[in-house]
Amino acid sequence: MLISVAISGTGGRMNKTIEVKGLRKYYEDVKAVDGISFSVDEGEIFGMLGPNGAGKTTTIETVIGLIDRTDGEISVLGMNPDNELGSIKKRIGVQLQSPSLFPRLTVKETLELFASFYPEPLSVSEAADQVDLKESFRTQVESLSGGQRHRLAVALSLVSNGEIIFLDEPTTGLDPKARRDLWTTITNLRAGGVTVFLTTHYMDEAEELCNHLVIIDRGEIIARGSPGELIEQHFPRRAIEFANPGFGERERLQLARINTANNLSFDEEEGRIIIYSETVAETLNDLFEFFQDTGKSLENLSVRTATLDDVFLELTGRGIKDE
Amino acid sequence: MNRLRIFRKMFLANLKEFFRDRSSLFWMIAFPLIFTFIFGLVFSGGDQATFTIGIATEGSTPVTEGLIEEFREVPTFNVTTGELEGELEELKSGNRRMVLDIPTITAEDVRNRVTSKVKFYYSKGEGETNRALISAIKEIFSGIERGITGTRPLFQLEASPLETRNLTQFDYVMPGILAMALMQLGLFGVFQFMSLRENKVIRGLAVTPLPRETLFESEVALRMLVALIQTFLIVVVGRLVFGVELVGNLFLLAGLVFLGAATFVSMGYMLASFTRSLEGGRNLIQTVQFPMMFLSGIFFPIEMMPNYIRPVVRAIPLTYLGDALRQVMVGFPPKYSLQTNVLILAGWLIFSTILAIRFWKWE
């Protein structure tokens with residue numbers, strides 16, 4: 001009893017940097033966000049995961065006061081965006097989706113301009129370094145590639161040196177290396193005590209970065225927790241994957257009858273078959289038998305824990321990219 | 001302090017955007033200069049109107065020679081003499097404005113006070129100029145007659161022009177070009193804002209602590225700077241290349257330039273606030289700009305336009321800016337008083353500012 005009091009006491013000292021209660025945003029007949037509540041602790045990477053059109057951007061833009069809300073309470077750094085937006089903006093950095101900037105300013109000039117807006121900005125070269133834009137310092141924005149422009153937008157949020165950094169789909173459109181680099185940058189932010197609010201529709205990104213995340217779908221939060229918790233809670237099964245040796249309809253039906261499998265799916269594009277199971281050893285046994293009977297060879301076999309992709313599929317009945 | 005620093009940065013950013021954009025440089029700087037050169041070259045021949053008059057005499061006598069001499073002394077006339085038929089041919093082909101056919105007049109005729117009939121030929125059309133020429137010729141003849149008969153004139157006209165400078169057509173047009181440049185600065189200048197708005201740059205800035213007014217103030221400050229650059233260039237080219245002297249007070253000129261620029265800048269923002277898209281805005285602004293350029297009398301006097309168009313002419317602000325600049329820059333006779341000009345421009349400034357605020361769209 002005493003211990004739990006002590007723990008909740010520590011929790012109390014942990015500042016909630018963002019608190020949202022019952023947030024609603026309705027457009028004429030579309031319920032973009034329909035009554036969501038969440039809070040973000042200081043120094044954590046908070047993720048909002050969901051397919052396109054789920055309401056992630058609407059949520060972020062409402063929280064930073066860029067658009068009005070229909071209903072609900074918002075507090076950012078203990079302030080209300082309705083009447084203290086000016087003070088809030090000085091203490092946060094924001095990267096919006098589809099960034100546009102002054103086309104004829106150079107990267108350096110753009111960073112310097114944005115730095116001048118904040119009371120204690122990060123140095124321009126440090127911000128550029130973090131997103132690997134140093135070599136494009138003297139390039140005008142209109143000559144940047146899509147990926148570079150995107151990284152510049154992230155750098156502009158970093159230059160604020162804000163206590164909370166909002167990143168709306170920061171890695172969309174980046175190549176795999178740039179994505180990895182940006183993940184490192186984001187992880188470093190947390191190490192420096194900065195709170196990060198991140199939206200993404202990449203499961204791996206949420207899994208890799210976020211300490212705490214909510215899954216949002218059609219304007220409502222359908223699950224919340226750490227990535228591990230979410231997987232454990234919603235998807236205790238393991239995935240057994242192997243290459244499809246060219247099974248036709250008949251073999252598929254037979255496979256589906258393996259009684260230890262919870263369900264199975266055929267990934268036609270990648271030529272793989274995935275069987276989900278809570279009892280991996282028995283299912284593998286059944287599988288080996290099945291292959292012996294058919295005389296095909298079992299290749300590229302792997303067993304893995306479920307990912308957030310599997311969780312999303314479980315929760316909504318759709319893949320996250322099916323939208 | 002902080003605000004000032006942000007303003008300075010924002011102003012510099014706008015300045016760089018402007019000077020790195022070829023199309024804005026062309027419309028705001030090169031275009032007015034090209035106009036100045038074109039009009040300057042077209043009108044550089046001087047506009048002292050001269051008329052070539054052919055005089056044919058049947059027989060030369062001291063009296064007719066004297067008459068011809070009198071005509072030659074009138075600076076407006078370029079007198080040629082020859083056979084009637086030849087001169088009439090020249091009239092037909094447009095090389096003579098008028099041909100006088102003077103009969104043989106002897107000293108005897110004069111003494112006996114014989115009336116001699118002088119015929120003159122001219123081409124129909126161009127009625128007003130012809131009427132003026134005819135009365136000028138009549139006046140010359142009666143002057144000669146008075147000289148011969150010794151009658152003293154009852155009235156003596158003494159022309160004393162108040163304006164001692166010789167105003168040319170270019171003097172009329174040059175302030176008009178400046179007025180046009182200021183209009184384009186205001187109306188076309190807002191394209192930059194509209195494109196930032198359409199491309200969501202303004203939206204991107206909205207999430208930063210940049211005060212929105214600062215964004216706006218820095219744009220207006222840039223326009224005012226460009227207005228001064230335009231004025232300077234047009235005045236310098238006018239003076240050095242075409243010899244147009246500035247007669248007015250420089251502070252008064254600067255004041256008018258600022259007022260004119262402010263009026264058209266706010267008209268630009270007003271038009272921008274009527275539309276959302278860049279394309280719609282561009283069409284709307286061109287629809288306003290083009291007729292204004294030709295109906296404001298900045299290139300030719302309003303008197304040359306038909307009556308039914310005059311109300312439009314009197315409604316548009318460019319008319320008044322052109323008139324005010326003509327007065328202040330080259331001392332052209334006013335069409336409206338300077339006060340009227342300033343009041344109407346200020347009225348437009350206030351009117352368009354109110355509408356711009358009322359319909360303002362940041363996004």
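Predicted model: local features only at pLDDT ≥ 70, side-chain atom pairs only at ≥ 80, totals over all residues.
Within helix H6 of chain A, the buried residues are Gln148(A), Arg149(A), His150(A), Arg151(A), Leu152(A), Ala153(A), Val154(A), Ala155(A), Leu156(A), Ser157(A) and Leu158(A). From its first C-alpha to its last, H6(A) reaches 19 Å, close to the 18 Å expected at 1.5 Å a residue. The partners of its buried residues are strand E5 (92–95), H4, helix H5 (124–130), strand E6 (164–168) and helix H7 (176–191), which belong to chain A.

Leaving aside residues up to four places away in sequence, Val159(A) touches Leu111(A), Phe114(A), Ala115(A), Pro121(A), Leu122(A), Val124(A) and Ala127(A). As general background, nonpolar side chains tend to be buried together in soluble globular proteins.

Stepping back to chain A as a whole, there are twelve helices and 13 strands. Its C-alpha atoms fill a box of roughly 70 × 55 × 45 Å along the principal axes. Of the 323 residues in chain A, 41% are buried. Among contacts in this chain with a separation of 6 or more, 70% are between residues 24 or more positions apart.

Several loop residues of chain A are also worth a visit. Asn161(A) sits in the loop between H6 and E6 of chain A, and its phi is near 55°, a positive value in a residue other than glycine. With 19 other C-beta atoms within 10 Å, Asn161(A) is partly exposed; a residue needs 20 or more to count as buried. Asn300(A) also has a positive phi, near 55°, and lies in the loop between helix H11 (280–294) and strand E13 (302–305) of chain A. Asn300(A) is exposed, having 10 other C-beta atoms within 10 Å. Tyr202(A) is found in the loop between strand E7 (195–200) and helix H8 (203–209) of chain A. This tyrosine is partly exposed, with 19 other C-beta atoms within 10 Å. Although 107 residues separate Tyr202(A) from Asp309(A) in sequence, their C-alpha atoms are 8.7 Å apart in space.

Chain B contains 14 helices and four strands. Its radius of gyration is 29 Å, well over the 21 Å that the globule rule gives for 363 residues, so chain B is more spread out than a compact globule. Along the principal axes, the C-alpha atoms of chain B fill a box of roughly 100 × 35 × 35 Å. Buried residues account for 33% of the 363 residues in this chain. Of the contacts in chain B between residues at least 6 apart in sequence, 78% join residues at least 24 apart.

H7(B) bends by about 25° at Leu185(B). This helix is mostly covered, with 26 of its 30 residues buried. After H7(B) comes Lys200(B), whose phi is positive, near 65°. Elsewhere in chain B, Ala315(B) is part of helix H12 (residues 310–315). Ala315(B) counts as exposed, with 12 C-beta neighbours inside 10 Å. Between Ala315(B) and Phe290(B) there are 15 Å in space, C-alpha to C-alpha, and the two are 25 residues apart in sequence.

Finally, the two chains meet in a contact that takes 19 residues from chain A and 17 residues from chain B. On the side of chain A that touches chain B, the elements giving two or more residues are helix H3 (81–90) and helix H4 (107–117) of chain A. H4(A) gives the most to this side, with five residues. By class, this side of chain A has twelve nonpolar, three polar and four charged residues.

Notes: Residues numbered from 1 in each chain as written. Chains lettered and ligands numbered in written order. Contact = placed C-beta atoms within 7 Å. Nonpolar A, V, L, I, M, F, W, Y, C, P; charged D, E, K, R; others polar. Bend = angle between axes of the 7 residues up to and from the residue. Rg over C-alpha atoms; globule rule 2.2 N^0.38 Å. Expected span 1.5 Å × (residues − 1).
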